[in-house]
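Student: I'd like to learn how to read a structure like this one, feature by feature. Could you walk me through it?

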Amino acid sequence: MAETEPIEVLTAARLWPPMMEALRGAYRVHDRTHQNDAAAFAAAAPRIRAIAASGESKIPGELIAQLPALEIVSVFGVGYDGVDVAAARERGIAVTHTPNVLNDEVADLALALVLATSRRLIEADRYVRSGAWANGPMPLARKVSGARLGIVGLGRIGMAIAKRAEAFGMSIAYTSRNARPDAPYRYFPSPAELAAEVDFLVVITPGGAGTRKLIDASVLAALGKKGYLINVARGSVVDEAALVAALRDGTIAGAGLDVFENEPNVPSELIGLDNVVLTPHVGSATWQTRQAMADLAFGNLQAHFAGRPLLSPVP
Ligand code: 8YV
């Protein structure tokens, strides 16, 4: 009798519809009941064996503690800073994520934001649409090819960003906890030292307690009034209030931001600024990459429940 009962899964985010479809095809899904239906959650909690989460989901120890049958947390995203991995490990609960399949996509967006901010693409589009062109040319932009790029966090995506920047003839430097002997780029031990030497500072380091507000007022001051900040990592890595002040006061030239401290809420001060390009956390948001992420996130659940090795456990 028990083996015919479907496996029960809690989703901890509004997941991509094809991913939801795959989950519903294989399991009994409780869609965010822990957030929107306390009674249904309490009734199902003892039977929930898996959580399907997104990169932005919060899976704190308190939630894990409410799920005595939990065996696996599968994150649809490479970042798992919202998951209390220590609490999961303590109970022997597996945690998986979706590395590699989104490297190209996030790196592409990083370069798109470099170009959009420096070449003033959004402003240029508005310039044409508003008819302002008839009154003369728009203000000049800043050259990207040959400029100096600094990468905060030279992991898999950081390396993919560096490869693209090489094609633009950019000189590349980076900071990370440790220097990478395999990387042919100049290493700086801190974000502030790196920022002082580059025109574009691209942030692509994991979120979480270890990197909270790593990019603060002193780093922005070091980047300087001709420098641009690009963030495709997590909003938590940048001190958002310091960034607003730096953009407003001309401490830096501009910013391209795909992530924010309190998504989907973006501070109105940022929205009011012209020297910033804003995108709604779309680093991995293409059909192709979301499908690859769904295959991996769903594949990890399938592997677990079939007793096969996990495809991509967190390190
Ligand atoms: C999200 C991300 O997971 O991979 C990550 O860490 O932040 C994203 O890819 C994605 O937006 C799904 O919510």
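**Reading pockets, contacts and backbone**

Tutor: Of its 22 lining residues, Glu123, Asp274, Asn275, Val276 and Val277 are the closest to the centre. Keep in mind that this is a predicted model, where local features need pLDDT of at least 70, side-chain atom pairs count only at pLDDT 80 or more, and totals for chains, interfaces and linings use all residues. Residues are numbered from 1 along each chain as its sequence is written, and side-chain values use heavy atoms, with hydrogens and water left out.

Student: How are a pocket, its lining and its volume defined?

Tutor: On a 1 Å grid over the protein atoms alone, a pocket is an open set of points with protein on both sides within 12 Å along at least five of seven lines, and lining residues have an atom within 4 Å of a point.

Student: Now the ligand. Which residues are closest to it?

Tutor: A residue is near a molecule if one of its heavy atoms lies within 4 Å of it. In this model 13 residues surround the ligand, and the closest are Glu56, Val78, Gly79, His281 and Ser284. That shell divides into four nonpolar, six polar and three charged residues.

Student: What polar atoms of the protein lie by the ligand's oxygen atoms?

Tutor: A polar contact is a pair of N or O atoms within 3.5 Å; within protein, one must be able to donate a hydrogen and the other to accept it, and residues adjacent in sequence count only if both atoms are side-chain atoms. A polar side-chain atom of glutamate 56 lies 2.7 Å from a ligand oxygen. Glycine 79 brings a polar backbone atom to 2.8 Å from an oxygen of the ligand, and arginine 234 has a polar side-chain atom 2.8 Å from a ligand oxygen. Taken alone the ligand exposes 330 Å², of which the protein buries 88%; such areas come from the Shrake-Rupley method with a 1.4 Å probe, and for residues only the protein chains shown count as cover.

Student: Is histidine 97 buried or exposed?

Tutor: Buried means under 20% relative accessible area, exposed over 50%, and partly exposed in between (1.4 Å probe, protein chains only). Histidine 97 has a relative accessible area of 3%, so this residue is buried. Its place is the loop between strand S5 (94-96) and H6, and the histidine 97 side chain reaches the backbone oxygen of valine 78 at 2.8 Å.

Student: What does the side chain of serine 57 reach?

Tutor: The serine 57 side chain reaches the backbone nitrogen of serine 54 at 2.8 Å and the backbone oxygen of alanine 12 at 3.2 Å. Serine 57 sits in the loop between strand S3 (48-54) and helix H4 (61-65), and counts as buried because its relative accessibility is 4%.

Student: What should I look for in the backbone itself?

Tutor: Look at omega and phi. The peptide bond from glutamate 263 to proline 264 is cis, with omega near 0°, and proline 264 is in the loop between strand S11 (254-257) and H12. Asparagine 100 has phi near 70°, a positive value in a residue other than glycine; asparagine 100 lies in the loop between S5 and H6. Arginine 120, in the loop between H6 and H7, also has a positive phi, near 55°.

Technical notes: 1 Å grid on protein atoms, 1.4 Å probe; cavity = no way out; pocket = protein on both sides within 12 Å on 5 of 7 lines; lining within 4 Å. Nonpolar A, V, L, I, M, F, W, Y, C, P; charged D, E, K, R; others polar. Helix = DSSP H or I, 4+ residues; strand = E, 2+ residues; numbered from the N terminus.
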